[in-house]
Each structure stands twice: as structure tokens, then as C-alpha cells.
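This report walks through one model, from a strand pair to a core and a helix. Please keep the sequence and the 3D view side by side.

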Amino acid sequence: MPQRGIKIIAKNSKAYHDYFIEEKLEAGMELFGTEVKSIRSGKVNLKDSYCIVKNGEAHVHGMHVSPYEQGNIFNKDPIRPRRLLLHKREITKLYAAVKQDGYAIVPLSVYFSGSHVKLEIGLAKGKKLYDKRATAAAKDAKREMDRTLKQHSRS
């Protein structure tokens with residue numbers, strides 16, 4: 001449910017398929033002007049991206065931001081690591097969860113909050129194959145129930 005002033009640019013639906021999302025956080029990103037313009041036009045892909053914590057800083061890797069057409073020499077590498085802007089205690093908490101409990105930090109969506117680009121990251125635990133099958137079966141069952149209810153309400 002997007003709130004006022006929030007415009008979702010890209011979602012990582014594969015993350016919900018591959019992981020159980022335990023906790024969500026909002027992080028700012030260190031970006032250049034041409035990257036912001038490219039993100040504003042929706043040219044961003046989160047498919048194989050992930051986050052790491054190293055030397056007290058959090059970075060997102062594998063996030064593809066297409067070069068801005070009018071950017072020429074100011075364009076940066078489309079898949080360069082980008083620093084996440086988080087509080088020290090949030091970074092420490094993420095680092096501890098990844099090291100001790102075997103969690104992964106996964107980017108979930110990129111959106112504008114006002115004029116700022118934000119990245120929603122999730123503390124995630126990997127799903128096993130049988131978990132993925134169970135999730136798919138539950139989704140199919142819900143879809144079938146909704147379809148049946150809709151047909152009964154018409155008649």
C-alpha cells in the first residue's frame with residue numbers, strides 16, 4: 001500500500017519466491033545525478049542484486065541502472081556497487097544477523113519518497129525447494145477459491 005509521495009519504480013518479485021522475508025528496512029542510496037534521472041525514467045533492475053556489509057558500510061551489488069541517454073561522459077558503470085545510507089546501529093544489526101543466523105540482505109524495491117531514491121531491503125532466510133512448492137500450492141488454492149467465489153456471486 002503505497003503512501004502519499006511514494007512512487008514505486010522497481011520490485012524484486014524473485015526475492016519473495018526465493019526467500020522468507022523476516023524484516024524490512026528503508027535505506028537511502030549514494031547515487032550520481034545521471035543515475036537518479038535514469039531511475040526516474042524506470043530503467044532499473046533488481047533481479048540478481050544482493051547487499052553486503054563490509055568495513056562498517058552496507059553496499060548493494062548487482063543492481064543494474066541503465067545509463068542515461070543524455071548523460072554522455074557523466075554516466076557511471078550500470079552495475080557498480082552503490083553505498084546504502086543506513087544508521088550505524090542498523091548496519092551492525094544487519095551484520096550480526098548475516099554472520100550469526102545465516103540471513104541474507106536482499107533488495108526488495110526501489111522507490112521515490114518525495115525527491116529521494118530509497119531502497120527497501122529485507123532480512124531474508126532462504127527457502128528450500130519444498131517451501132517454494134508449498135507457497136505456490138497455497139497461491140494456486142487461493143486463486144481457485146477466489147475464482148469459485150466470483151462465479152457463485154454472478155449467478
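Which residue in the turn of the β4 and β5 hairpin has a positive phi? N55 does, at about 55°, and 2 residues lie between the two strands. This is a predicted model, where local features need pLDDT of at least 70, side-chain atom pairs count only at pLDDT 80 or more, and totals for chains, interfaces and linings use all residues. Residues are numbered from 1 along each chain as its sequence is written, and side-chain values use heavy atoms, with hydrogens and water left out.

## Strand β5 and its partners

Helices (H or I, at least four residues) and strands (E, at least two) are DSSP runs, numbered from the N terminus. Two strands pair if DSSP finds at least two bridges between them. Strand β4 (residues 50-54) pairs with β5 through 5 bridges, antiparallel. Y50 faces H61 of β5 across this pairing. Strand β7 (residues 82-85) also runs antiparallel to β5, joined by 3 bridges. Here A58 sits opposite L84.

Buried means under 20% relative accessible area, exposed over 50%, and partly exposed in between (1.4 Å probe, protein chains only). Strand β5 (residues 57-61) has 4 of its 5 residues buried, so the rest of the structure largely encloses it.

## H59

H59 belongs to β5. Its relative accessibility is 18%, so H59 counts as buried. Its side chain makes a polar contact of 3.2 Å with that of E57. A polar contact is a pair of N or O atoms within 3.5 Å; within protein, one must be able to donate a hydrogen and the other to accept it, and residues adjacent in sequence count only if both atoms are side-chain atoms. Contact alone means heavy atoms within 4.5 Å. Beyond neighbours within four places in sequence, H59 contacts Y50, C51, I52, R82, R83 and L84.

## The nonpolar core

A nonpolar core is a set of buried Ala, Val, Leu, Ile, Met, Phe, Trp, Tyr and Cys residues joined through side-chain atoms within 4.5 Å. The largest one has 28 residues; L84 and I121 are among those with the most contacts inside it. Strand β9 gives the largest share, 4 residues.

## Helix α3

In α3, I91, L94 and A97 are buried. They cover an arc of only 130° around the axis, which puts them on the same side of α3; the arc is that of the directions from the helix axis to the C-beta atoms. The face turned away carries exposed K88, R89, K99 and Q100. Cover for the buried residues includes β2, β4, β5, β8 and β9. G102 follows α3 with a positive phi, near 75°.
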